Structures are given as structure tokens and as C-alpha cells.
Amino acid sequence: MDQLLQFLISGLTVGSIYALVALGFSIIYNASDVVNFAQGEFVMIGAMSAIFLLKGGLPYPLAALCGISITVLVGLALDKLAIEPAKNATVVTTIIITIGASIFLRGVALLIWGKEIYGLPPFTGDKPITIGTATILPQNIWVMVGTAAAVLAVKYFFDKTIMGKAIMACSFNKKAAFLVGINVKQMLLISYGLSAALGASAGILIAPITFMSYGSGVMLGLKGFCAAILGGMGSSMGAVVGGLLLGLIETVGAGFISSGYKDAIAFFVIMLVLFIRPSGILGKAESDRV
Amino acid sequence: MKRLAGYYCFAIATLMLPLLFPDSYYVTVVGVTVCTNIVLAVSLNLLMGYAGQISLGHAAFFGLGAYSSAVLTIKYGMNPWLAMTAGVIAVTVLSYVLSRPILRLKGHYLAMATLGLGIIVHIFFVQADQFTGGPDGISGLPVLSILGYPIDSDLKWYWTFAIFMLASVLFSLNIAHSRSGRALAAVHGSEIAAQMLGVDTARVKSYVFVFSAVLACITGSLFAHQQDFVSPESFSFFFSIELVTMVVLGGLGSTFGAVIGAILLSLLPEVLLVFEDFEVMIFGAILMVIMIFLPQGLFVAMEQTFFRLLRRKNQRAADVTS
Amino acid sequence: MSLLEARKLEKQFGGLKAISGLSFSVPENIIFSVIGPNGAGKTTLFNMLTSIYKPTSGSIFYKGNNITGMPPHKVAGLGITRTFQNLQVFLNMTALENVKVGCHLHSKSGLISAALRLPSVMKEEHRVRKMAMEVLEFCGLGDIADMPASALPYGILKKLEIARALAAQPDLLLMDEPAAGLNDTETMELCDLIVQICQSGITIILVEHNMRLVMEISHHVLVLNYGKLLAQGSPYEIQHNSKVISAYLGGE
């Protein structure tokens, strides 16, 4: 029972990160039908920038904010330089472009920050709090709170602001959105910026718990994508649900079955989802017109 | 025979290489790597280029071939050819069973499913260390002999791989200009129209998936014997991406595109040796630039330019004579 | 004996009944047209006849055999083939290769024998090429055989799709709005082609909006409205049927 509580805490923590990454995937996919395989690199760049700015002497909050801003710039550049020029490309082509972008960003990170691993100091100290026989670090709470805040902010943005609704319109029908005067290109750009911000936030939240290096983005990105599929690619809330669920499944699986195969669990789950119900938990089934 | 003119030139060049440059490390050792990559790229091209599917997990079948040869010969003392056959049978069954549910998917979902397959297999190689030797790998494969002649020198390995590669390329070219090749391309062009003409699209996709997997598997077995060492590193998700890069770099749907893509990408690390730290970044940049500006691939772009120039020359000649 | 028989076909998409209680039979060797306002369910009907959709209820009989819900490629194997409202030409191949795919059912070499280029494969390739060229010439497309389909104009592609379907040597050809997007000259050529196809022994079921085409060449016309059978008969009978007139022109 107490083991279960510990699993719950770890699972929700890592699940929150997956949720943020998945949400980022979902936003870009909804706006532009592109699966951004470089999403994980946003997480890495956010964390690594913040780490090095902190080392350089900036106060923690400012370093974090700048880390996020740098990542947002990278996201905007990705849209402008790689996605926009290839707007009529096939699905395979765009997949490979974003994979290329992810490799490129990793290569740049390798040049700038080398191969070593780094961490951020915890936000408010590292004294574990005990709940029953389970322990929870203050940072775990920060991760969950931070994720909840980000998710609520995004939900408010899409439901209640004009800009958010404009982006939603683009996801339903780009031509129609364009015809009613929405600057589609700008909306796509904002989506990328938003996704980058979410990814960077995830990186900064998790860096005090897991160490980061130039290659940390890959697995996070892939698993975030798994979470998005699990929850249903078209649905933002689905992405969040998928992320939390995936985190829990992975942690419990690693605990009961084997920790070596932990990464395999996420992909195994996703293949099951793809075989049985590709639209995911909250997604809608697709159909073609002949 | 005119159809295969390009192929014959390529075959002659490949076979002449060690004769023109005897005792060259580059030809024999790098040549083997290039041949390996060519077969893998050509096999992936059948699936991605002709049939229009995506696979981000092709390295898995390459690895399964390598590990079955390594494990069965080292740990169970099996005859190398028997081990290779066992690997082929296992991969045939596995790829066939997986092909049906996987190939029902399209686009990103298909990409993800094949990615998942590749990653799960790779993790298995790393984790099942009683069999696979874990992250450190295993070595000590017995010598491979063909009809009693042992392949025990770099040069002999070059001939083996070169012949295997040339056969694979020929098979791929033959398939392209056949009923099967057209069925594959039809599936790519319009699955529904293909079905309406009697093409069992699910079966066609399955068969090409299995065929390309088996080709990769055999390559893996040869690779294991030649390297005398297998470790999970060679069969990671990154290598699957490299293979996809080779196929699209040259040009999806073109056998020779895949060949050129494989050659270029195999030689790239040698060229980039000077810029070792920049290698990852440059690789990513190349991928992006080619896909944005030349999505049809280098080889197809070259072909198109060539024909455009030819047409312009003929046009000018016609103008002069009229 | 009728070639094709539909019995009480129903197709429901969620809350929408696209087709309800539709029964009809198509005799051999005629041009059978299905007309009706947009949204009447014509393409849905076609998709059911070619097994792209499974009927919610009801059955389809072809040459006396129940083909309801059979996989599309098996339906094609029985001798039914179709052309599409939204062109489904293989743009990644040449015109000739498109038609060669049509010969798929009448050839049989597989992946392995193709890879090895066995003599049987080479003989078959020869035969397929000849068959495909003959069909192309029948449709007046002989001189564009080696052009990539992506470079051909719309009108030619429409004809190409027909040629491809003919290469499969069907007994029943379903044509979904073949005249859509064609000018008057092209439409007249299409008229002649369809009549020629019927005369060569193939039964044709036609969905069309172009009334002149329909009335000129059809032997039998069936009118759909809101997924139900409104009327059927000869072109003359349909033109003078009051229910049809009010459905198309509004009641008086």
C-alpha cells in the first residue's frame, strides 16, 4: 500500500513532465498537422540554458525565465526556417524535417554544452516530506503544481482568449480561418512559441530531480509523443491525461516488472494503443472522403 | 538490357574497385560498411519508397539478424549458416505477425509504431544480457565459410558483401519493373483504387514489409560474422533514422537513389572527421535542408535536371532545323 | 437473370440514414444510370456496391452470389470495377503503368519471381504490356502511354481511369460522375466511349449529373432522393415522371 503511494508520487511527477511535453505536441499538431519530433529538444534547451545562465551568475528566477525565452526563440525559428518553407510537403517529409531539426538542435547543444550532465538546484530546498511511509520531495510538488498551472493557463488561453480561439480555428480549417481574416502564419508561429515555452518549463521543473545533458530531450520527446497518442492526438486535455497515465504505468511497471525495461513499457503501451484504438482515450476517429 | 545499363556500370565499378586499389583499407573495410548500408537502404526503400510506408525501426531487423547469428553460434555452437537460417525464419514470422496490425496504420501513427518496435527490440538487446551480453555485446563468432572456402580476410569479406549487395540491388530493380512493383506503387498512389483493381493491399504491404525485414536480417548476420562483434549500439533508433535519411536523401522510390544516399551518408563521417564535434549538427542540417528544398531526393533531382537539359537541347536542335 | 441485385439496402452513418430500403436489379449488357440531387446517396450506393462501405442492413447479389461486405479486392476479382468521383489515378506512375495495374488480376507473378526475373515473369510482362497498350488505344490514349500521369490534363486523366478499369476486363463497370469537369467536346467523346464499352459486352452502372448524357445513352434510369428510390424506368418515362420533376425542380 505504501509502495503504491510512492509509485503514485513518482508516477505523477514524471507523468506531469510527459503531460507538458504531450501538450506541446498537441498544440503544434492541432495548429499545423505537424508532429514535431524536436519537442523533446525544447525541454533540453530550456533546462540547459537555465542551468548555464544560473552558473553565469543570474538569479534563479531570472535564469529560468531567460531559459524559457531562449527556447521560445528556438521554437519560433524552427517554424519560420524549417516548417514554413516546407508547407506543401508530405507527411513523411515533415516527419523527417522535424527529426532533422531535433538532431541539429542536439548537435548545437553538444557543441555548446558538451557531453556532461548537469542539474538545477531545487526550487525550495531538498528536505523530503513524509506522508505515511512515503516520502515526497518539495520539487515533486513543484512539478505537479507547475504543470497544473501551465495546463490551466493553456486551457484558459484556448477557451477564453481571441488569440487562442483563432489558433483553434486554424486547426479546424486553415483556409476558412484565413478567409475570415485570421493571420494563419502568425497563429502557427505563436503555437510553436507556446509549445516551446511548455517544453522549456517542463525541463526547468524536472532538472532538479533528474540530471540533464545534451541528449536528454530524445527519450522525453518520444515518450511525450506516446502520451499524446495515448490521450488522443487532437485533444489538449487528452495529452495531459495521457501524460499522467503514461507516467503512472511506467513507474508501476518499472517497480513491479523490471526497471531495466522501463523505457520499453511506454512504447509497448503505445503500440497496444495504436493497434487497438489509435484515436486514443479522448480522441475522435478519423475518416477519409472518397 | 538497356534498362540495366546503369546497373551494369555500377556492378563493374564495384567489382573493379579492389583491383584498382589493392591493399587499400578504404576499399575493403569502408567498402563493406558502404555495401551493408546500401542493402539496408535499398530494402527500406522498397517499403518506404515504393509502397509508401514509413519505418523508423528498420535497424531492429538488422540487429535481430546479427544477434541471432552471434548468440546461436557462440552460445549454442550452431553452424553459422544454420544460425542465419534460424534468424531468417524468426524474423519472417515476427515481421509477418507484426505487419498486419502495424500496416493498418498510416502517417504519424505508423511512424510511431515502427519507432516503438525499434526501441523495444533495442532495449531487449541491452537488457537480456544472459543472451545478448548486454551493453558490452558479444564477440567470438566462428569463421563463415562458403562451400568450404573460409572468409578470413578483408578482401574476401569485400567480395562477399559486394556480391550480396549487387544481388540485392538487382532484385530491387527487377521488382520495380514487375507486377509486384506496380502493385506496391499502386498502394502508394491510391490504396482504394488499387483495391478496386484487385490488389490485396494488406497482403502486398505485408509481403514487402517481410521481404525488406528478411533482407535486413541476412545483412545483419553477415555483418556479425564480418565484425566478429555485436553490440546494441549498432542497432539503435539513431541508426534507423540514418537509414531513413539515406533513402530520402537519394530519393524515395528510386533504387539508385537509395544506393547513392547510402554511399554519401556512409562516407560522410570520413569527410567530417575533421569536424568531428560538428558531425551531429551538420547531419541534422543536411537532413533539414534536403527535405525542405529537394524533397524528391538528390538522385531524382539530378535525373529531373538531366532530362530538363536534354529536352532543352532537343528543343533547340528542333528550332534550328525547323 | 440480373447481373446485380440490391435487396433492401440500408446505410446509416450515426444518426443520418444515407440509404434506406433500396432494392433494384440490373440486367446484363445495359447502361444503367443512377441520378438524383446532391446528397441523395449515389456515391454511398457505389461505395456499398464496391464494398468500401458495409451496408447497415440488406444485401447485394452479383451473378447470384451474395457479395455483401466482401473485401473490395475480392469484389474486383469477381469482375466488378469502378472509376471515382475524385480521381484516383496513380499519379506516381506513367499512363501505361496505370493501365498495367489494371491487368493485375490477369497476371500472377509474385515478389520472389519478380526479384529473380524468371522467364515466366518476362513473358508475362510482354503480355501485360500488349494488353495495356490495346486498352489505351481503344480509349484513344495510345500516344501518351509513357507520359507520367502527373503531367497529364484533367480530361485525359478521366479517360485514363476508365482505361485502367477496362484493363481489368470487368463484367460490370461502375462509373462515378465520369463527365464531371469535362467540356462539351470531351463529354461527347465520353458518350461514344461509354456506348462502345457497353457494346463490347460490359454492363455499366453510371452515376451522373449531366442529364443530357444520361438521357441520351442510358437504357434504364433509377432516381434516388434522400437515400430512397424515387422512380425508375426508361429515360423517356423518367423525364415525364411528375415525382421526379418536382424533386428536381420543386413542386408546383
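The model is a predicted one. Chain B meets chain A through a contact that takes 30 residues from chain B and 35 residues from chain A, and chain B also meets chain C, in a contact that takes 24 residues from chain B and 31 residues from chain C. Within chain C, four strands form an open antiparallel sheet, while strands β3 and β8 of that chain pair in the parallel sense.

**Contacts between chains**

- On the side of chain B that touches chain A, the elements giving two or more residues are the helices α5 (107-127), α11 (237-250) and α13 (279-293) of chain B, and the one that gives the most is α5(B), with eleven residues.
- Sorted by class, that side of chain B has 24 nonpolar residues, five polar residues and one charged residue.
- Where chain C touches chain B, the elements of chain C that give two or more residues are α2 (72-77), β6 (80-83), α3 (95-102), α4 (111-116) and α5 (119-138).
- The residues on this side of chain C divide into 14 nonpolar, eleven polar and six charged.

**A helix pair in chain A**

- Helix α2 (residues 39-55) and helix α3 (residues 60-83) of chain A pack with their axes 8 Å apart and at an angle of about 140°, which makes α2(A) oblique to α3(A).
- The crossing of α2(A) and α3(A) is right-handed.
- Among the residues that make this contact are A:Phe42, A:Ile45 and A:Leu53 of α2(A), together with A:Tyr60, A:Ile68 and A:Val74 of α3(A).
- By class, the contact of α2(A) with α3(A) has twelve nonpolar and five polar residues, and no charged residues.

**A helix pair in chain B**

- Helix α11(B), which is one of the elements on the side of chain B that touches chain A, also packs against helix α12 (residues 255-271) of chain B, where the two axes come within 7 Å and cross at roughly 125°.
- That angle makes α11(B) oblique to α12(B), and the crossing of these two helices is right-handed.
- The residues in this contact include B:Glu242, B:Met246 and B:Leu249 of α11(B), as well as B:Val259, B:Ile260 and B:Leu264 of α12(B).
- The contact of α11(B) with α12(B) has nine nonpolar residues, four polar residues and one charged residue.

**The antiparallel sheet of chain C**

- The four strands of this open sheet follow the order β2-β1-β4-β5 (chain C), and their pairing is antiparallel.
- Strands β2 (16-27) and β5 (65-66) of chain C stand at the edges with a single partner strand each, so one side of each is left without a neighbour in the sheet.
- Strand β1 (residues 2-13) of chain C is joined to β2(C) by eight bridges, and C:Leu9 has C:Leu22 in β2(C) as its bridge partner.

- Strand β8 (residues 203-207) of chain C has five of its five residues buried, so β8(C) is largely enclosed by the rest of the structure.
- From β8(C), C:Thr203, C:Ile205 and C:Val207 point one way, whereas C:Ile204 and C:Leu206 point the other way, and all are buried.
- Strand β3 (residues 31-35) of chain C pairs with β8(C) in the parallel sense over four bridges, with C:Phe32 facing C:Ile205 of β8(C) as its bridge partner.
- Strand β7 (residues 172-176) of chain C also runs parallel to β8(C), to which five bridges join it, and in β8(C) the bridge partner of C:Met175 is C:Leu206.
- In β3(C), too, five of the five residues are buried, so β3(C) is largely enclosed by the rest of the structure.
- C:Ile31, C:Ser33 and C:Ile35 point one way from β3(C), while C:Phe32 and C:Val34 point the other way, and all are buried.
- Four bridges join β3(C) to strand β9 (residues 220-225) of chain C, and these two strands run parallel; in β9(C), the bridge partner of C:Ile35 is C:Val223.

Note on methods: Residues are numbered from 1 along each chain as its sequence is written. Chains are lettered from A and ligands numbered from 1 in the order in which they are written. This is a predicted model: local features need pLDDT of at least 70, side-chain atom pairs count only at pLDDT 80 or more; totals for chains, interfaces and linings use all residues. Two residues are in contact if their C-beta atoms, placed from the backbone, lie within 7 Å. Ala, Val, Leu, Ile, Met, Phe, Trp, Tyr, Cys and Pro count as nonpolar, Asp, Glu, Lys and Arg as charged, and the others, Gly among them, as polar. Axes are lines fitted to C-alpha atoms, for helices over the stretch in contact, and angles run from 0 to 180 degrees between N-to-C directions. Angles under 35 degrees count as roughly parallel, over 145 as roughly antiparallel, 65 to 115 as roughly perpendicular and the rest as oblique. A crossing is left-handed if the near helix is turned anticlockwise from the far one by less than a right angle, and right-handed if clockwise. Two strands pair if DSSP finds at least two bridges between them. A residue is buried if 20 or more other C-beta atoms lie within 10 Å of its own, exposed if 12 or fewer, and partly exposed in between; C-beta atoms are placed from the backbone.
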